[in-house]
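Open the model in your viewer and keep a selection panel at hand. The tour begins at the ligand and then moves on to the sheet and the helices.

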Amino acid sequence: MKLIAIALCLLALSSAKVWNPHMHDDKLFETAENSNVFWYEQRLDHFNPQKEGTFQQRYYDIDQYWDPETGPLFLYICGEGTCRQPADNSFVVNLAKKFNGRVLALEHRFYGETQPTEDWSTENLQFLTPDQGLADLAQFATDKSREFSEQYGIPHRRWICVGGSYPGALSAWFRYKYPHVAFASLSSSGVVNAIPDYHQYDEQVFFSTSKSGSLCPERFVKAHKYIESIVNSGNRLEAFKTFGYDKDMVDGEFYYFIGDLIAGPVQYGGRTDFCDGLMAVDDDMDQIINYLVNFAKGMGLVLEQYTAEFTANTTIDYDKNMRQWTYQTCANLGYFQTPAKAEGVPPMRPANIEVDFWEEFCERVFGINIFPDADHWNARYGATSPATTKIIFTNGGEDPWQHAGVTETKNPHLIPIVIDCDNCAHCVDLGGDHPTDAPELTEARARIADIFEKWIQQELEMERSFPTEAKANLRELLSK
Ligand SMILES: *[C@@H]1O[C@H](CO)[C@@H](O)[C@H](O)[C@H]1NC(C)=O
């Protein structure tokens, strides 16, 4: 999402509104001309046999490195944004090169060009759930395994899932729920823990910016308090106008935007850029505000997009994801970024965007009372303790999303890796190799590849012993 802090690897989770200057399209994704685009006919509703209907689901197929005899299949999971073909120097494609693998990337329903319904009415969004998205993946991957097996005369092949942010969570949930389809997964910044009152995000923004020196968060706190004082003194329209919106809006919506001014760069690996700039201006409120206004422009943050009115628009637009993602957070997942609550941590966003603001926001956007029951969700997928094996959970040490992910575990079959380095944040490992990469990042990628190598060998052995689809379902049990 934009620099907005949605979960998009590109997007920020929160709002998914901010773009990461360091995860720009040219690094993670191919340009349109290079794309190998295909369409798959998918079922609209996997869970209600009385509901008929299908839709076209977009996917990419990177097959030029594949050796059908021994090459693994990578299921690259796209999420809350347009699915773009992973670049030739992205981590997943580099893994495919290393292991002679094939990468298929499936666009998530309701995002990009994969639109199952005529519009985004609240009624139609009932078909937008992670469960439906996971079932899409299962149906797609199973069909593809059958197709490849027939076409190349190879055993029924299971998959390795790869995804980052919300797709990072999907990647883990998929391995947990469909072990007969996937034998391993990489869950990069996977937000597997649904937390409605997600104050840990704001706390991490403080910890991460403090790495630049206490002046960085201090100045930001001073600035947001000053902005709040303008709003409270009755000059709200003036405050909104300073940030480029000349109409009225709800204070909380504005404050959410203010929070993203600092959360965006932290989430997307731009912490030192942001803090260096903020600390370089004179200690003068006008100059500080001016810096923030310009930084917001540079990130592509648009204040209007934070209003419930903007997100209430039901017209499909391939370039928009705010309404759909907001629906997912309001319906199932939460992750509402509230101000810091930890002892001794100054909130990095204004005080009144607490959970009740989000409850109202959901209602204003969708016209119904809808708010996530996180316990219900976590009970169904196991949150940070899924009873499964062979998942690598990576998190960037500066990423505010890491507290909704797995950074440690008692399950010896899950492997958490925290990548701790300057500007190592959301989905940092999924990018391509770059000369400026921190050694910790390079090491983490090498470690993931080593672990995958072992798991791929084990799977190939099981595949040889139990080649059929029926036995593929039981491979791990039979091998014991
Ligand atoms: C709703 O969204 C569509 C597609 O982006 C846009 O063309 C239209 O102007 C929007 N409507 C309003 C009232 O903003």
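This is a predicted model. Start with the shell around the ligand: by class it holds two polar and two charged residues, and no nonpolar ones.

**Stop 1: the ligand and its shell**

Select Asn313, Thr315, Asp317 and Lys320, the residues that surround the ligand.

- Asparagine 313: an N or O atom of the side chain is 2.3 Å from an oxygen atom of the ligand.
- Aspartate 317: here the distance from a side-chain N or O atom to a ligand oxygen is 2.7 Å.
- Lysine 320: a polar atom of the side chain lies 2.9 Å from a ligand oxygen.

How much of the ligand's accessible area does the protein cover? On its own the ligand has 360 Å² of accessible area, and the protein covers 37% of that.

**Stop 2: the sheet**

Switch to a cartoon view and colour the strands. Eight strands form an open sheet with mixed pairing, in the order β3-β4-β6-β5-β7-β8-β9-β10. Select 37-43 for β3 and 414-419 for β10; these are the edge strands, and each pairs on one side only. On average, neighbouring strands of the sheet are turned by 20° against each other, with direction ignored.

**Stop 3: the β9 and β10 pair**

Select residues 391-396, which make up strand β9. Strand β9 runs parallel to β10, and six bridges join the two. In general, strands of a sheet pair through backbone hydrogen bonds, either parallel or antiparallel.

**Stop 4: two helices across the sheet**

Select residues 91-99 for helix α2. Helix α2 lies across β4 (54-62), β5 (73-77), β6 (102-106), β7 (159-164) and β8 (182-188). Its direction is at about 175° to β5.

Then select residues 439-465 for helix α15. Which strands does helix α15 lie across? They are β7, β8, β9 and β10, and the helix runs at about 165° to β10.

How values were computed: Residues numbered from 1 in each chain as written. Predicted model: local features only at pLDDT ≥ 70, side-chain atom pairs only at ≥ 80, totals over all residues. Heavy atoms only, no water. Pairing = 2+ DSSP bridges. Helix = DSSP H or I, 4+ residues; strand = E, 2+ residues; numbered from the N terminus. Axes fitted to C-alpha atoms, helices over the stretch in contact; angles between N-to-C directions. Contact = heavy atoms within 4.5 Å. Near = heavy atom within 4 Å. Polar contact = N/O pair within 3.5 Å; in protein donor to acceptor, adjacent residues only side chain to side chain. Areas by Shrake-Rupley, 256 points an atom, 1.4 Å probe, with all protein chains shown as cover. Nonpolar A, V, L, I, M, F, W, Y, C, P; charged D, E, K, R; others polar.
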